[in-house]
Amino acid sequence: MNSRRDFLKLLSLFSFAGSAPLLQAQELKRTNQPEQPVRIGYLPITDATPLLVAHAQKLFEKQGIKAEKPIIFRSWSQLVEAFLSGEVNLVHLLSPMSLWLKYAANAPVKAVMWNHLAGSALTVQPQIERISDLDGKTVAIPFWYSIHNIVVQQLLQANNLSVTTKKPKENEVKLIVMSPSDMVTALANGVIAGFIVAEPFNALAEAKGVGKILRFSADVWRDHACCLTMMHEQDVTERPEWTQKVVNALTESQVFCVNQPLEVAKTLARGNGYTPHSQEVLEKVLAPSEQQWAEYLARGAVKHPEWHTHGHQQRIGFQPYPFDSYMEKLVEFLQTTKLAGNNGFLAELNPTQVARELNAPQFVKKSLEQGDYLTVFGLQNGFERVEEIDV
């Protein structure tokens, strides 16, 4: 019920009528306080890692700008509402969600950089050995407008399984929206046969012995961006120097995440005020052991080991540059993926135009070049790539 309530709330926000009063409130805040500090909004998942590390390492202060203590939210609808109203001005959002925000809610937002790579997996009950074993069963997703929904539907389609939201028949899999915090318990109780979601809930299911990873999302879509770092368009256009400093701090944060994964796990662990997760579980996500990775290879959870050669991506990775090719392919996938809610606008979107309108890569490009970080993120050959997808 909570997931359904959250979904309905988001549908309201992702409309002009729902977003207009919040955008007016944001404008009033901006008028009363034009030089606002960094106000981070986040969900307590590893998707928020670079934002939280930047705060913990005082990287905003290093750039000469003020940053308030990050505000934790318990649902996407709460986070989106706070972002639209101007309560927060720096957030991580699921990449497909950014499209609904800009084109359905008509919100003036920009994706200034990628927040992280990968960091999600399809986790199933221990007895399930292959995708085809999900026939007639129920799988949970965190949101219809998510990379998780796209990836799981690609996997199901490749195994001749269709998607339904009703009681599944033969050759069907029922998809339901569920809060990530409820997924591990639902899997343990047999309410669902599997879930696909951000970390650390996949690692938590493993640690509790109630689930196993069947496939990593980034082993289906190489180096995909799960979440984007979003800012208000007015900050980008009217406060470019401030925006550049924010992006500088976040780029340096991602460098830290690549080089110090164990320290990142320690920073995010419960007791430090950022997430409720244990350090042990976070370490399995941020710094998986060679033995752990070898087991995934042996079981087929990883079918493309050659995709994991940067040294910075295994279960979760970091690379801040927002490739247009990814956004274009994302739009194409969303136009053919089963979705719920007000998604008619998708058919009218031009993928190339969306990438140009939504992405604002000039700030992170400057950060990468001036910081001499291109090699750190494997970008020494330029800022274009070809998307690789193989189920």
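Is cysteine 257 buried or exposed? At 3% relative accessibility, cysteine 257 counts as buried, where buried means under 20% relative accessible area, exposed over 50%, and partly exposed in between (1.4 Å probe, protein chains only). This is a predicted model, in which local features need pLDDT of at least 70 and side-chain atom pairs count only at pLDDT 80 or more, while totals for chains, interfaces and linings use all residues. Residues are numbered from 1 along each chain as its sequence is written, and side-chain values use heavy atoms, with hydrogens and water left out.

**Cysteines**

- A disulfide is a covalent bond between the sulfur atoms of two cysteines.
- With a disulfide taken as a pair of cysteine sulfur atoms within 2.5 Å, the count is zero.
- The closest cysteine sulfur to that of cysteine 257 is in cysteine 227, 14 Å away, which is too far for a bond.
- Cysteine 226 has its closest cysteine sulfur in cysteine 227 as well, at 4.6 Å, also too far for a bond.
- Cysteine 226 is buried, at 0% relative accessibility.

**Helices**

- Helices (H or I, at least four residues) and strands (E, at least two) are DSSP runs, numbered from the N terminus.
- In helix H12 (residues 261-268), the buried residues are Val264, Ala265, Thr267 and Leu268.
- Seen down the axis of H12, these residues fall within an arc of 160 degrees, so they line one face of the helix; the arc is that of the directions from the helix axis to the C-beta atoms.
- The buried residues of H12 pack against helix H3 (49-56), helix H11 (240-259) and helix H13 (279-286), with contact meaning heavy atoms within 4.5 Å.
- The axes of H3 and H11 come within 8 Å and cross at roughly 100 degrees; axes are lines fitted to C-alpha atoms, for helices over the stretch in contact, and angles run from 0 to 180 degrees between N-to-C directions.
- H3 is therefore roughly perpendicular to H11, a label for angles of 65 to 115 degrees.
- Residues making this contact include Thr49 and Pro50 of H3 and Phe256 and Cys257 of H11.

**Sheet**

- Six strands form an open sheet with mixed pairing, in the order S8-S9-S7-S10-S6-S11; two strands pair if DSSP finds at least two bridges between them.
- Strand S8 (162-164) and strand S11 (212-216) stand at the edges with a single partner strand each, so one side of each has no neighbour in the sheet.
- From one strand to the next, the twist averages 30 degrees.
- S8 runs parallel to strand S9 (residues 172-177), joined by three bridges.

Key: Parallel < 35°, antiparallel > 145°, perpendicular 65-115°, else oblique.
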